[in-house]
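Hi everyone, thanks for making time this morning. I'd like to walk you through one structure, so let's get it up on the screen.

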Amino acid sequence: FPVTILADVYLINDSLFVSHERPSFNNPANTLENLYLKPLVERIRQNDGLVYPNYRGPVYLMIDFKTEAESTYKALDKLLQSYRSILTSYKGNTPTKGTLTVFISGNRPIETLQKAKTRLASFDGRPADLGKKLSPELMPVVSDNYNNHLTWRGKDEIPAEQFQKLQDLVQRVHKEGKKLRLWACPEDPAVWTKLREAGADF
C-alpha cells in the first residue's frame, strides 16, 4: 500500500497553519513547515533518502485546503520551492520522481494546476472527475466518502451488490491509472480487509 500523510491547512496572514478547524490562536510552531516539512526533511536525511526505513513505495503528502484555493496555493507553492529537493516535480505532465509526492484536496486550484508549466503539486480527484481526460500526473488520486458508496459497517458479510459496486469504482479509477482513497470508512478491520480485497489503494 502507498502511504499518505495528511495535513489540513488554513492560510492566515500569508502563513499556512495546520488545523482541522480554523485556529483562534496562530501559534508559529503549528505551521505546515514546522510540523511537517522540516521534520520530513530530517527523517529523509536520517533514513538515507527514505521517509520510512526499508519502505521504498510511494509516500504522498495530501494537503487539504480549508481556505480559498488560489491564495492558499500561491502560499503553498512559494513554501514548497524551498523543499524541491525531496519533492516530485512536474514539467507539464512529465514527473521527476521525488521522495515525497504532494497533492491538494479540499478547495482545489484545478485550472491553475492544469495551466502550470512547472509545479510541485497535483490535485485530489472526485469520482465525478473520472472520464474528463485528466492525467494521473495531474490527478493521481480519486477520493470520496465511503458512505456515498456503501452502507455496510463491517457486521456480517458484505452484501454482494455492495462489494460489486466497490469493485466497479476501483476498476474505473485504476483504468485511468489513478489510486482510490475512501475516507470516513468504519474503523473496523473487517471493512479494511474488504477494501483491500476490492483493490482500494488507501
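Let's start at threonine 101, which counts as buried because its relative accessibility is 4%, and the cut-off for buried is under 20%. Do keep in mind as we go that this is a predicted model.

Where does threonine 101 sit? You'll find threonine 101 in strand 6, which covers residues 101-106. Its side chain makes a polar contact with the side chain of lysine 97, at 3.2 Å. If we set aside the neighbours within four places in sequence, threonine 101 touches Val59, Tyr60, Leu61, Thr88 and Tyr90.

Hold on to Tyr60 from that list, as we'll follow it into the aromatic residues. The count of aromatic pairs here is three. Take tyrosine 60 with phenylalanine 103: the ring centres are 5.7 Å apart and the planes meet at 80°, so this pair is edge-to-face, the cut-off being over 60 degrees. Tyrosine 60 belongs to strand 3, residues 59-65, and phenylalanine 103 to strand 6, so the pair links distant parts of the chain, 43 residues apart. Are these two buried or exposed? Both tyrosine 60 and phenylalanine 103 are buried.

Tyrosine 60 has another aromatic partner, phenylalanine 202. That pair is edge-to-face too, with 5.8 Å from centre to centre and 85° between the planes. Phenylalanine 202 lies in the segment after helix 5 (189-198) and tyrosine 60 in strand 3, so this pair ties together parts that are 142 residues apart in sequence.

How accessible are these partners? Tyrosine 60 counts as buried because its relative accessibility is 8%. Phenylalanine 202, with a relative accessible area of 22%, is partly exposed. Put together, Tyr60, Phe103 and Phe202 make up one aromatic cluster.

The largest pocket holds about 320 Å³ of space. Its lining has 13 residues, and those closest to the centre are Asp14, Ser15, Ala75, Lys78 and Leu79. Which elements give two or more residues to that lining? They are strand 2 (15-18), helix 1 (32-46) and helix 2 (69-80). Helix 2 provides the largest share, five residues.

Key: Residues are numbered from 1 along each chain as its sequence is written. This is a predicted model: local features need pLDDT of at least 70, side-chain atom pairs count only at pLDDT 80 or more; totals for chains, interfaces and linings use all residues. Side-chain values use heavy atoms; hydrogens and water are left out. Helices (H or I, at least four residues) and strands (E, at least two) are DSSP runs, numbered from the N terminus. Buried means under 20% relative accessible area, exposed over 50%, partly exposed in between (1.4 Å probe, protein chains only). A polar contact is a pair of N or O atoms within 3.5 Å; within protein, one must be able to donate a hydrogen and the other to accept it, and residues adjacent in sequence count only if both atoms are side-chain atoms. Contact means heavy atoms within 4.5 Å. On a 1 Å grid over the protein atoms alone, a cavity is a set of points where a 1.4 Å probe fits but cannot get out, and a pocket is an open set with protein on both sides within 12 Å along at least five of seven lines; lining residues have an atom within 4 Å of a point. Grid points are joined across faces, edges and corners, and a volume is the space filled by probe spheres set on the points. Rings of Phe, Tyr and Trp (its six-membered ring) pair if their centres lie within 6.5 Å; planes under 30 degrees apart count as stacked, over 60 as edge-to-face and the rest as tilted.
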